[in-house]
Structure formats: structure tokens, C-alpha cells
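Subject: Structure handover and what was found in it

Dear colleague,

Please find below the sequence and the structure that I promised to pass on to you.

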Amino acid sequence: MTLADMKENDCGIILYINSDCRIKRRLFDMGFVKGNEISCVRRNPMGSPIAFSVEGSVVAIRKPDAEKVGVVL
């Protein structure tokens, strides 16, 4: 499962970020690190961007980037 598959109010644990993700370093800096808890706060009706709560901050990322981050609920 990826971040893009999460529904609003779902909570999970980050498992990985694909190595081909072009914003991998930026995601790490924002708290998207293996083992961190993450929850889906809001989904745009058009599908992108999607807002997530991680490390006490709310971060919105585009759906193609969310598809590169694996989670387990």
C-alpha cells in the first residue's frame, strides 16, 4: 500500500520511499522516514495534492510522489 491509497483519517507506519522518487531528500527532511507514524488528513476531490500529518506537521504532496512512499496501516 502507498500513501496515495490511504483514505482520510487512515493512520499508518512508513515502510519505504522508492529510490527513484525525485523528491526523496525533501520528504526525508519533512519527516517521511521509515518507522514514523503518518495519517491522511485531507484528500483533494480531484486526487492531488493529498495532505498528511507527520512529525507534528501537515504536509501536502502530489499524488505521483505519494505513490512512491510505502505504508502499512
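Lys-68 is partly exposed, since its relative accessible area is 24%, where buried means under 20% relative accessible area, exposed means over 50%, and partly exposed lies in between, with a 1.4 Å probe and protein chains only. Please keep in mind that this is a predicted model, in which local features need pLDDT of at least 70 and side-chain atom pairs count only at pLDDT 80 or more, while totals for chains, interfaces and linings use all residues. Residues are numbered from 1 along each chain as its sequence is written, and side-chain values use heavy atoms, with hydrogens and water left out.

The side chain of Lys-68 meets that of Asp-20 in a salt bridge, with 3.3 Å from N to O; the term stands for a side-chain nitrogen of Lys or Arg within 4 Å of a carboxyl oxygen of Asp or Glu. Asp-20 is exposed, at 52% relative accessibility. Because Asp-20 sits in the loop between E1 and helix H1 (24–29), and Lys-68 in the loop between helix H2 (63–66) and E5, the pair ties together parts that are 48 residues apart in sequence. Helices (H or I, at least four residues) and strands (E, at least two) are DSSP runs, numbered from the N terminus.

By this rule the count comes to 3 salt bridges. One of them joins Arg-25 and Asp-29 at 3.4 Å, N to O, and these two residues of helix H1, being 4 residues apart, are separated by about one helical turn; both are exposed. Another joins Arg-62 and Asp-65 at 3.3 Å, N to O, where Arg-62 is partly exposed with a relative accessible area of 41%, whereas Asp-65 is buried at 5%.

Turning to the strands, there is an open sheet of 5 strands in the order E4-E3-E2-E1-E5, with antiparallel pairing, and two strands are said to pair if DSSP finds at least two bridges between them. Strand E4 (57–61) and strand E5 (69–72) stand at the edges with a single partner strand each, so one side of each has no neighbour in the sheet. Further in, strand E1 (residues 11–17) and strand E2 (residues 37–43) pair in the antiparallel sense over 3 bridges, and Gly-12 stands opposite Ile-38 in E2.

Ile-38 is also among the residues with the most contacts inside the largest nonpolar core, which has 19 residues. Such a core is a set of buried Ala, Val, Leu, Ile, Met, Phe, Trp, Tyr and Cys residues joined through side-chain atoms within 4.5 Å. The largest share of this core, 3 residues, comes from E3. Leu-27, another of the residues with the most contacts there, touches Ile-17, Cys-21, Phe-32, Ile-61 and Val-69, leaving aside residues up to four places away in sequence; contact means heavy atoms within 4.5 Å.

Finally, how many disulfides does the structure hold? There are 0 disulfides, a disulfide being a pair of cysteine sulfur atoms within 2.5 Å. The cysteine sulfur closest to that of Cys-11 belongs to Cys-40, and at 9.5 Å it is too far for a bond. Cys-11 is exposed at 52% relative accessibility, whereas Cys-40 is buried at 2%.

With best wishes
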